[in-house]
Amino acid sequence: MATAVLSDHELALKSVRLRKQTLEAIYGAGAGHTGGGLSCLDILNVLYNRILNIAPETFGNANRDRYVQSKGHSVEALYAVLADRGFFPEADLKTICHYQSHYVGHPTRHIPGIEMNTGALGHGLPICIGMALAAKIDSAPYRVFTLLGDGELAEGSNWEAAMAAGHYDLDNLTAIIDHNTLQISGRTRDVCSNEPLDEKWRAFGWAVKIVNGHDFAELTDALSKPAEAGKPTCVIANTVKGKGVSFMEDVAKWHHGVPSEAELKQALAELDAAEAKLKEAK
Amino acid sequence: MSAPAPSMFTPAAKAMTEKLGLKMGRANLDEFAATLMELAKANPNIIAVTSDSRGSGKLGPFGQTFPKQLVEVGIAEQNLVGITAGLAACGKKSFGVSPSCFLTARSLEQIKNDICYSDVPATLIGISSGVSYGALGTTHHSLHDLAVLRAINNLTIIVPADNFESREAIRFAAHATKPVFIRFGKAAMFNLHKPDTTFEAGKAITLREGNDVAFIATGETVVHALLAAGKLAEQGLNCRVISMHSIKPLDVEIILKAGRECRAVVTVEEHMVHGGLGEACAATLLQAGVFKPFRIVGIPDEETVPGAQADIFRHYGISMEGLSEAALKLLK
């Protein structure tokens with residue numbers, strides 16, 4: 001667990017700040033995946049501040065929880081969260097996608113806190129099966145988490161892995177689906193429908209929880225422990241692509257849209273206002 | 001009674017094996033399974049991962065002896081490689097074992113990203129490689145694997161020629177801290193090495209000295225090069241035979257030395273002539289300014305002739321007769 005237990009209110013404030021950093025990082029890089037970063041940010045915030053027993057100083061610990069971000073393209077949000085947790089200086093976020101910077105546009109193990117290099121879709125879950133099996137073989141206490149995009153589920157390798165996780169009763173494994181219902185070409189249900197998701201995962205032997213992916217309490221509840229002994233857990237987190245910025249929310253073009261200077265300014269203003277409102281609410 | 005399998009050796013080639021004192025060993029795959037078993041006994045972190053391939057990988061006894069050290073994933077090669085990577089990332093010495101034709105095509109992206117790019121100490125074992133599955137046809141051949149794997153950074157590629165090289169390659173892999181790919185066939189192999197031979201990944205082994213023609217061969221073709229050298233000796237030609245067990249890193253020094261000292265170079269591989277050992281040697285020689293008559297013997301860029309491995313080898317000149325003829329042509 002993280003060193004200090006943060007309240008929902010503190011997490012909400014942190015999320016606003018991390019959203020701003022994510023947008024600034026994408027703007028600075030001149031490239032990135034805006035919509036999906038903002039949709040999964042609250043999930044990452046909960047994972048790294050409430051769930052994972054991961055800290056920079058103990059990252060080499062064999063019994064640390066493992067997190068592999070299968071939707072590697074949401075890397076700016078992940079980097080922002082890792083910087084916030086002290087894995088590297090926040091100033092490093094300014095080097096994303098720059099010449100000779102290790103902060104390339106998808107996660108790599110050159111970056112402190114990253115377990116595996118991802119970016120091609122459909123890779124995280126099979127890797128996590130291997131990690132969860134290793135934990136079972138060693139009777140080790142750590143848990144294994146991956147974050148998948150809903151559009152990513154069209155990759156067949158996910159279903160090979162889903163079948164194996166059910167077969168091996170991997171209750172130390174949790175797959176979170178960032179269910180924002182949009183992918184690069186439009187609505188996932190129009191591109192190639194994968195609904196109903198919950199029934200599919202249950203049919204593969206998983207325990208399924210459906211939560212609001214922007215609700216800290218619901219996320220915390222679903223991620224704190226395996227849903228059912230002897231079964232891997234699938235958390236379908238219903239999210240909004242581009243969450244937190246009015247003109248980006250639920251708009252497919254922001255999948256990898258990079259804000260202009262004016263758009264960044266407007267987005268930051270909205271997030272500043274949200275932050276002020278949150279502070280008032282306290 | 002089933003029909004007898006076609007022989008890999010003509011009566012003359014068989015006679016040459018006797019003349020050279022070669023003794024028949026077992027299939028390299030059997031040697032792999034036995035070696036892994038021996039290593040797994042001492043190291044419980046060794047895990048074999050199979051894709052319904054424990055039988056073809058000769059790992060039946062391994063699974064029975066060490067049930068907790070074998071992970072079966074079913075016919076799902078992408079998952080096999082991902083799982084092999086995940087196990088390695090969490091401290092296991094994982095061996096992903098699957099037919100090379102599927103392993104290095106269907107799950108190429110997992111090899112590239114999950115194993116090589118993520119730099120985990122996993123080993124992939126390509127079984128029944130090349131045209132080992134012969135008559136099963138092109139779906140089951142891996143004549144592309146060396147080409148595609150050579151083009152991926154951070155992978156040691158080993159193609160053992162006999163039981164000794166197989167055993168040593170597995171021992172090397174079991175202690176490697178980096179990704180390794182090893183390619184095995186399924187036919188019984190002649191033992192080619194003297195008892196005091198040492199094995200080092202990236203360092204080829206010279207089986208026979210000579211300065212007329214250098215045969216640089218790899219895997220199950222090496223024995224044919226050795227027989228060809230024996231045949232050419234009867235005609236007064238002294239030929240060098242190099243077992244290039246490591247395709248990557250390539251033993252550049254030994255290739256350049258052969259190119260400089262010999263009158264011609266013939267490379268031999270159970271692989272398409274594109275992108276494999278031959279082109280690697282050609283690039284090495286050309287870029288060093290060593291220009292000698294040169295020939296790549298392998299499977300040409302055509303729909304592979306139907307037949308067993310022995311038929312295919314004979315058809316494309318991977319035989320004592322074919323290779324000695326190829327060498328003589330270069331000397332003309």
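A:Leu148 is placed in strand β2 of chain A, which covers residues 144-149. In this predicted model, A:Leu148 has 24 C-beta neighbours inside 10 Å and therefore counts as buried, the threshold being 20 or more. Not counting residues up to four places away in sequence, A:Leu148 touches A:Ser70, A:Lys71, A:Gly124, A:Leu125, A:Leu153, A:Asn158, A:Ala175, A:Ile177 and A:Asp178. One of these contacts, A:Ala175, is 27 residues away along the chain, and its C-alpha atom is separated from that of A:Leu148 by 7.1 Å.

Chain A as a whole contains nine helices and seven strands. Its radius of gyration is 18 Å, close to the 19 Å that the globule rule gives for 282 residues, so chain A is as compact as a globular protein of that length. The C-alpha trace of chain A spans about 50 × 45 × 45 Å along its principal axes. Of the 282 residues in chain A, 50% are buried. When contacts in chain A between residues at least 6 apart in sequence are considered, 76% join residues at least 24 apart.

Chain B contains 13 helices and 14 strands. The radius of gyration of chain B is 19 Å, which agrees with the value near 20 Å that a compact globule of 332 residues would have. Taken along the principal axes, the C-alpha atoms of chain B fill a box of roughly 60 × 55 × 40 Å. Buried residues account for 56% of the 332 residues in chain B. Among the contacts in chain B with a separation of 6 or more, 79% are between residues 24 or more positions apart. The average pLDDT of chain B is 97, and 99% of its residues score at least 70. For the model, ipTM is 0.96 and pTM is 0.96.

Two domains are assigned in chain B: domain 1 comprises residues 11-22 + 197-331, and domain 2 comprises residues 26-190. The C-alpha centres of domain 1 and domain 2 of chain B lie 25 Å apart. Contact between these domains of chain B involves 33 residues of domain 1 and 29 residues of domain 2. On the side of domain 1 of chain B that touches domain 2 of chain B, two or more residues each come from α9 (222-233), β12 (246-248), β13 (264-272), α11 (277-287) and α12 (309-315) of chain B. By class, the residues on that side of domain 1 of chain B divide into 14 nonpolar, 14 polar and five charged.

The largest nonpolar core has 182 residues, of which B:Phe215 and B:Ile216 touch the most other members. Both domain 1 (11-22 + 197-331) and domain 2 (26-190) of chain B contribute at least three residues to this core. Leaving aside residues up to four places away in sequence, the contacts of B:Phe215 are B:Ala225, B:Ala228, B:Ala229, B:Cys239, B:Arg240, B:Val241, B:Ile242, B:Val266, B:Val268 and B:Leu323. In soluble globular proteins, nonpolar side chains tend to be buried together.

The contact between the chains takes 21 residues from chain A and 23 residues from chain B. On the side of chain B that touches chain A, α4 (77-89) and α6 (108-117) of chain B each supply at least two residues. The element giving the most to that side of chain B is α4(B), with nine residues. The side of chain B that touches chain A consists, by class, of nine nonpolar, nine polar and five charged residues.

Helix α6(B) is mostly covered, with eight of its ten residues buried. The buried residues of α6(B) are B:Gln110, B:Ile111, B:Lys112, B:Asn113, B:Asp114, B:Ile115, B:Cys116 and B:Tyr117. Their packing partners are α4 (124-137) of chain A together with α4 and β5 (123-127) of chain B. Just after α6(B), B:Asp119 adopts a positive phi of about 55°.

Technical notes: Residues numbered from 1 in each chain as written. Chains lettered and ligands numbered in written order. Predicted model: local features only at pLDDT ≥ 70, side-chain atom pairs only at ≥ 80, totals over all residues. Contact = placed C-beta atoms within 7 Å. Helix = DSSP H or I, 4+ residues; strand = E, 2+ residues; numbered from the N terminus. Nonpolar A, V, L, I, M, F, W, Y, C, P; charged D, E, K, R; others polar. Rg over C-alpha atoms; globule rule 2.2 N^0.38 Å. Buried ≥ 20, exposed ≤ 12 C-beta atoms within 10 Å, placed from the backbone. pLDDT = per-residue confidence, 0-100. Domains from an automatic or database assignment. Core = buried A, V, L, I, M, F, W, Y, C linked by C-beta atoms within 7 Å.
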